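User: I have a two-chain complex open and want to go through it with you. Can we take it piece by piece?

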Amino acid sequence: MSVRQSLLAILDQGPCYGYQLRAEFDRRTGSSWPLNVGQIYSTLDRLERDGLVERTDGDTEGQIYYRITAAGHREVAEWLRSPVQRGVAAARDELAIKLAIAATLPGVDIAQVIQVQRAATLKSLQELTRAKNASGEPESPEELAWTLVADAMIFAAEAEARWLDHSEARLARASAAGLAAALPLSTETPKRGRPAKKARGAAGPAKARAVTAATVEAASVVTAHGEGVSR
Amino acid sequence: MSRAATAPDELLRLDGVAMHYGKGETSVTALAGIDLTVSRGELVAVMGASGSGKSTLLTIAGGLTRPTSGEVIVEGQWLSDMSPARIAMLRRRSLGFVFQDFNLVPVLTAIENVTLPLELDGWKRGKARRAALDALDSVELADRADRFPDDLSGGQQQRVAIARAIVGSRRLILADEPTGALDSTTGEVVLRMLRGRVDAGAGGILVTHDARHAAWADRIVFLRDGRIVDESTADRAESLLTGRHTV
């Protein structure tokens with residue numbers, strides 16, 4: 001979604017043609033999210049369909065410019081005013097789900113699962129830090145844009161590392177309290193339709209509650225990965 | 001005892017270092033057989049939960065505590081062969097410590113703080129002062145040489161501590177949570193300085209619980225229950241982030 005709104009925000013600065021728009025997006029995001037021109041045109045088509053931009057007649061060289069409409073301008077203002085809602089996408093973080101599932105499986109060394117991830121996360125963090133350190137302080141608006149994206153990735157990786165530390169401690173506490181036991185396959189016949197909400201809060205296996213809590217925490221700290229910068 | 005020669009670039013080696021407190025049933029193992037080397041130009045971060053043995057490892061590496069077993073070799077010298085007085089001398093000449101709370105002497109100026117270990121080691125005042133100025137210059141604080149710690153910001157105080165750690169011929173920096181008392185941006189400046197000193201030929205161990213700070217190291221070792229359980233090395237060829245100056 002943010003590609004659409006980013007392109008619209010750029011068009012709010014003045015009419016652009018497709019390649020120009022790609023170049024503008026590129027330099028304003030530190031080249032951290034390469035878009036192909038096909039994506040640009042398909043986005044422009046949708047923006048045009050929704051009445052947010054309109055096509056101009058070709059210039060003398062036949063170049064088609066896209067111009068923002070009043071509705072498009074309002075949409076940009078609304079985008080800048082609103083928070084980005086990661087919502088359910090963050091709760092469905094692949095890593096959080098993997099850990100939650102792994103914690104219910106017998107014979108899985110969950111500490112090792114966490115450590116493997118931690119080493120990988122730290123390695124990413126080292127590489128990002130090295131790239132940022134090699135670049136020094138930003139000296140232009142474009143470099144500043146790149147640094148903002150680099151910082152976002154660094155902080156997201158840090159959050160992931162902290163969440164892993166936290167989960168490890170939580171699981172160790174649960175284990176010490178005798179709560180960490182694998183979940184065997186249930187013999188109950190599942191009801192059709194969506195799972196009943198009460199399953200989470202009911203007096204089911206305490207382990208499941210601990211894992212659910214860990215998952216919710218993950219949703220609040222594991223960020224940015226879904227938002228393109230990690231592509 | 002015969003001693004194998006160490007590699008010329010090797011600043012520190014821990015060979016099977018173990019540390020137990022107490023005896024018998026009540027014995028507590030802080031470190032259980034640590035092997036670790038630090039070479040010139042290398043920064044090694046040590047991470048682990050509280051009680052994993054991080055700080056014990058640092059005090060043993062710095063010759064402040066003798067391990068129950070195993071060997072500590074600093075610049076080719078086996079600490080187990082040395083008297084406490086000689087270890088103290090080695091500490092002054094070869095090792096620099098950086099702590100979370102800076103540990104500067106408040107009644108001495110920045111340059112006097114940096115000069116102190118050299119003067120304790122018998123350096124002439126003028127020579128010690130020149131070396132201290134060089135060290136302060138390397139952390140971009142030469143113009144603050146005559147300020148007292150109270151007149152310096154936290155970040156500047158920690159940079160003085162780094163200058164003190166590397167002054168003279170010292171090449172091994174042992175840092176225990178050096179950014180713990182600093183805000184995020186200031187901490188980054190301090191780490192950049194530390195990294196710069198290592199890139200210029202020093203070596204160091206950085207004990208931290210902060211992943212973002214550990215990421216400045218070339219290698220990260222993970223301690224759990226006194227053992228190294230894993231290690232992460234940055235792959236210089238690979239980058240997650242392109243653009244600007246692709247590294």
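**A hairpin in chain B**

Analyst: Let me start with a turn. S4(B) and S5(B) form a hairpin with two residues between them, and B:Glu75 in that turn has a positive phi of about 45 degrees. The model is a predicted one.

User: How many bridges join S4(B) to S5(B), and which way do they run?

Analyst: Two bridges join S4(B) to strand S5, residues 77–78 of chain B, and the strands run antiparallel. B:Val74 stands opposite B:Gln77 in S5(B).

User: And what about S4(B) and strand S1 of chain B?

Analyst: Strand S1 of chain B, residues 10–21, is joined by five bridges to strand S4, residues 69–74, again in an antiparallel arrangement. Within that pairing, B:Leu14 stands opposite B:Val72 in S4(B).

User: Zoom out. What is the secondary structure of chain B?

Analyst: Chain B has seven helices and ten strands. Its radius of gyration is 18 Å, close to the 18 Å that the globule rule gives for 247 residues, so chain B is as compact as a globular protein of that length. Along the principal axes, its C-alpha atoms fill a box of roughly 55 × 50 × 35 Å.

User: How much of chain B is buried?

Analyst: Buried residues account for 45% of the 247 residues in chain B. Of the contacts in chain B between residues at least 6 apart in sequence, 69% join residues at least 24 apart.

User: Give me one contact pattern. Where is B:Ser52?

Analyst: B:Ser52 sits in the loop between S3 and helix H1 (54–61) of chain B.

User: Why does B:Ser52 count as buried?

Analyst: B:Ser52 has 22 C-beta neighbours inside 10 Å, so it counts as buried; the cut-off is 20 or more. Setting aside neighbours within four places in sequence, B:Ser52 is in contact with B:Leu223, B:Arg224 and B:Asp225. B:Arg227 is 175 residues away from B:Ser52 in sequence, yet their C-alpha atoms are 7.9 Å apart in space.

User: Now the helices. How many residues of H5(B) are buried?

Analyst: Eleven of the 13 residues of H5(B) are buried, so the helix is largely enclosed by the rest of the structure.

User: On to the interface. How many residues of chain B are in contact with chain A?

Analyst: 24 residues of chain B are in contact with 29 residues of chain A. Helix H6 (184–199), helix H7 (211–214), strand S9 (219–224) and strand S10 (227–233) of chain B each give two or more residues to that side. By class, the side of chain B that touches chain A has twelve nonpolar, five polar and seven charged residues.

User: And what elements are in chain A?

Analyst: Chain A has ten helices and two strands. From the N terminus on, the elements run α-α-α-β-β-α-α-α-α-α-α-α. Buried residues are 26% of the 231 residues in chain A.

User: Last topic, confidence. What ipTM does the predictor give the complex?

Analyst: The predictor gives an ipTM of 0.72 and a pTM of 0.74. Chain B has a mean pLDDT of 87, with 93% of its residues at 70 or more. Chain A averages 81, and 81% of its residues score at least 70.

User: Where does pLDDT stay under 50 in chain A?

Analyst: In chain A, pLDDT stays under 50 over residues 199–231, for which the model has 65 contacts beyond four places in sequence. In chain B, the stretch under 50 is residues 243–247, with 15 such contacts.

Technical notes. Residues numbered from 1 in each chain as written. Chains lettered and ligands numbered in written order. Predicted model: local features only at pLDDT ≥ 70, side-chain atom pairs only at ≥ 80, totals over all residues. Helix = DSSP H or I, 4+ residues; strand = E, 2+ residues; numbered from the N terminus. Buried ≥ 20, exposed ≤ 12 C-beta atoms within 10 Å, placed from the backbone. pLDDT = per-residue confidence, 0-100. Contact = placed C-beta atoms within 7 Å. Nonpolar A, V, L, I, M, F, W, Y, C, P; charged D, E, K, R; others polar. Pairing = 2+ DSSP bridges. Rg over C-alpha atoms; globule rule 2.2 N^0.38 Å.
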